[in-house]
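This report describes a protein chain for a reader who has its sequence and structure at hand. Please look at the model before reading on.

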Amino acid sequence: MPPPSDIVKVAIEWPGANAQLIEIDQKKPLSSIIREVCDGWSLSGSEQFALRYADGPQLYITEQSRGEIKNGTILRLAISPTRAARQLLERIQSHGIDARLEALKELAKLSADPTFATEFINMEGIGTLARLVESGTHFGEMLAFTLTAFLELMDHGIVSWDLISLSFIKQIAGYVNQPMVDVSILQRSLAILESIVLNSHSLYQRVAQEITVGQLIAHLQVSNQEIQTYAIALINALFLKAPEDRRQEEHTNVMDLPLTEMASTLAQKHLRSIILNHIIRGNRPIKAEMAHQLYVLQVLTFNLLEERMMTKMDPSDQMQRDIIFELRRIAFDGDSDPGGTEKRKAMYTKDYKMLGFTNHVNPAVDFTQTPPGMLALDNMLYLARLHQDTYIRIVLENSSREDKHECPFGRCAIELTRMLCEILQVGELPNEGCNDYHPMFFTHDRAWEEFFCICIQLLNKTWKEMRATAEDFNKVMQVVREQITRALAMKPTSLDQLKSKLRALSYSEILRLRQSERMSQDDFQSPPIIELRERIQPEILELIKQQRLNRLCEGSCFRKVGNRRRQEKFWFCRLSLNHKVLHYGDLDDPPQGEVPFEMLSDKIPVSDIKSVVTGKDCPHMKEKSALKQNKEVLELAFSILYDPDEALNFVAPNKYEYCVWIDGLSALLGREMNSDLTRSDLDTLISMEMKLRLLDLENIAIPDAPPPVPKEPSTYNFTYNYG
């Protein structure tokens, strides 16, 4: 007979004594259980003790968290969080250096526990730590433990970051600005400043005034990638929180810029070249967190274009119209205008038509749609000024054609700018789990404009290869989009490499790729083949189902996202081999290979699962901040809802893992597998199976209808008589 569900069998340790093997009745108060444990070792004052986990983070067990205790868990009797907080608070203020160091070391470890943190904060512990830092008397290891404890305590969100004093910020900024400072102190100082910026609007300005670009550049040139990551993260945080009106300002002395105004320096050669040469092209492989910070920096840089992208052109603004006049002048060298007004208007109209604008009379109207707004005009002017020969060649080459195959430069440039904004997601917030940065955008001071110049030449080339007319405009743009996205997926490391990849992706190559990808989809459409497909499909679906369940049995690692992303924690989930239980538990580091069931302390019976929800329906997506709650994170989020009213929340590391888990959980619950991956696998496997079965019918026409059944023979005399 199985034990009652409210009885949990555990082992409890105490230093210098044999462990107690007891059964915890979850209906009894926790204080009564602790009293019984203390009586077993003849310890008085049970109210001064508490239970903690012996493994992992070693968290305190409370009435709220006791439901997470599982059979076989090893616990430890320890002094209560209130008593521990009081003792540590006294010890960190003692005069003995060794005693204070040991106390701070223990505090740094215990501060990750929310129960202890609450007690320590209630005793004004954070204020004590802040005063220790402000005094400037702590150095080396002692200071590192102090900053670690402070960061852990603040990260619980119990105390507002707005309460941090200005003298504390100045002291922390001083550690960042010192040329020679301990690595652990520098890491924590950068992390504290980043957290202040992200969590306190009122203190953002003060942090930004204390740190300049020049001071952070030194940290980007070190060999420690963690320091580089923290430095870029601080740059990103200040950039993200910078007021809109301060982002676009121009300055002369880049190195002395406060980081309130650093956005305008991102295109400056020195900062960009430091990132390129010391990080992207450095000797060490780029870790996931560094890749994420480079991706965030790339997104925030491109988001500077959003204002121009969403700005409509004012057709009555003479300064804006002068830019269009300059495009015309550069293309046609129109220095001398005809005398009469009517002649001038007629010539302008003809030139604007040759430039490929939709509105020949007033081309300013073409730039009133947002996106791309004025950004398209900026790109065209950059091409005309910086790549004048290319610009003139494209315009004159097409304006001289009389066979209706001319490529309308103006219309193409506007639509291409809009397309590039979509591909690079200009104006969208960074995705919390994305590492998709492109090294080539760090290789040029004006990477966006150069990218446009390369793509407009590609568009002109593709137009000629397709022998397109005005009616084929949308088809050409679709092909160009495919060429660009395929080239970007190859992650070219430089703009020159991008050019070579785009050259290889000619229109004929795109057709070949499309044909090869389509072969699996529309091999045969005759009724016999369709019937064969329908017969094969259940077998293939069962094969896919088994593959998904096998993947769930192998398990996957998921990341827990906290307030400070780099102090990330991991957890692992896998299905039992009999498909009856989901095992999960926390990990300190990403696993290398299979994680045994013994390491996963928690479990959910599959029979208790009520449903699986995705996207915005997930409990953990309803309370996310704007930075996390974006399209890409929502697409990777799912939750298991199980009895009684609990939820296990996931954010998959990528789309593949998301589809595998959604399919596997659907299969466990007896539901249909509807993911994109299932549809893709189904098409691929059915196509392969059908090709194998039809090998003998190659080059034989398969009729749409079965052959007619022959008439019965007049006699059956041809049958063999066994008699």
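With which residue does Arg-514 form a salt bridge? The partner of Arg-514 is Glu-482, and the closest N and O atoms of the two are 2.8 Å apart. This pair links distant parts of the chain, since Arg-514 belongs to helix H24 (residues 507–518) and Glu-482 to helix H22 (residues 473–489), 32 residues apart. Arg-514 counts as partly exposed because its relative accessibility is 25%. Glu-482, at 16%, counts as buried, the limit for that class being under 20%.

**The chain as a whole**

The model is a predicted one. Its chain contains 28 helices and eleven strands. Of its 723 residues, 46% count as buried. The chain exposes about 36,900 Å², of which carbon and sulfur atoms supply 51%. Among contacts with a separation of 6 or more, 66% are between residues 24 or more positions apart.

**Salt bridges**

Side chains of opposite charge can pair when their charged atoms come close. The structure holds 33 salt bridges, and the table lists three of them.

| Arg-308 | Asp-378 | 2.8 Å |

Arg-308 forms a salt bridge with Asp-378. Arg-308 lies in helix H15 (residues 306–309) and Asp-378 in helix H18 (residues 374–386), so the pair ties together parts that are 70 residues apart in sequence. Both count as partly exposed, with a relative accessibility of 31% for Arg-308 and 25% for Asp-378.

Arg-533, at 26% relative accessibility, is partly exposed, and Asp-683 is partly exposed at 28%.

Salt bridges also link Glu-415, Arg-418, Glu-422 and Arg-481 in a network.

**A charged patch and a buried serine**

On the surface, Asp-98, Glu-102, Glu-141 and Asp-182 gather in a patch of negative charge. Asp-182 is placed in the loop between helix H7 (166–177) and helix H8 (183–199). With 39% relative accessibility, Asp-182 counts as partly exposed.

Apart from neighbours within four places in sequence, Ser-65 is in contact with Tyr-53 and Tyr-60.

Methods: Residues are numbered from 1 along each chain as its sequence is written. This is a predicted model: local features need pLDDT of at least 70, side-chain atom pairs count only at pLDDT 80 or more; totals for chains, interfaces and linings use all residues. Side-chain values use heavy atoms; hydrogens and water are left out. Patches are made of residues with over 30% relative accessible area and no salt bridge: like charges are joined within 9 Å, nonpolar side chains (Val, Leu, Ile, Met, Phe, Trp, Tyr) within 5 Å. Accessible areas come from the Shrake-Rupley method with a 1.4 Å probe; for residues, only the protein chains shown count as cover. A salt bridge is a side-chain nitrogen of Lys or Arg within 4 Å of a carboxyl oxygen of Asp or Glu. Lys and Arg count as positive and Asp and Glu as negative; His and the chain ends are not counted. The place of a charge is taken as NZ of Lys, CZ of Arg, CG of Asp or CD of Glu. Helices (H or I, at least four residues) and strands (E, at least two) are DSSP runs, numbered from the N terminus. Buried means under 20% relative accessible area, exposed over 50%, partly exposed in between (1.4 Å probe, protein chains only). Contact means heavy atoms within 4.5 Å.
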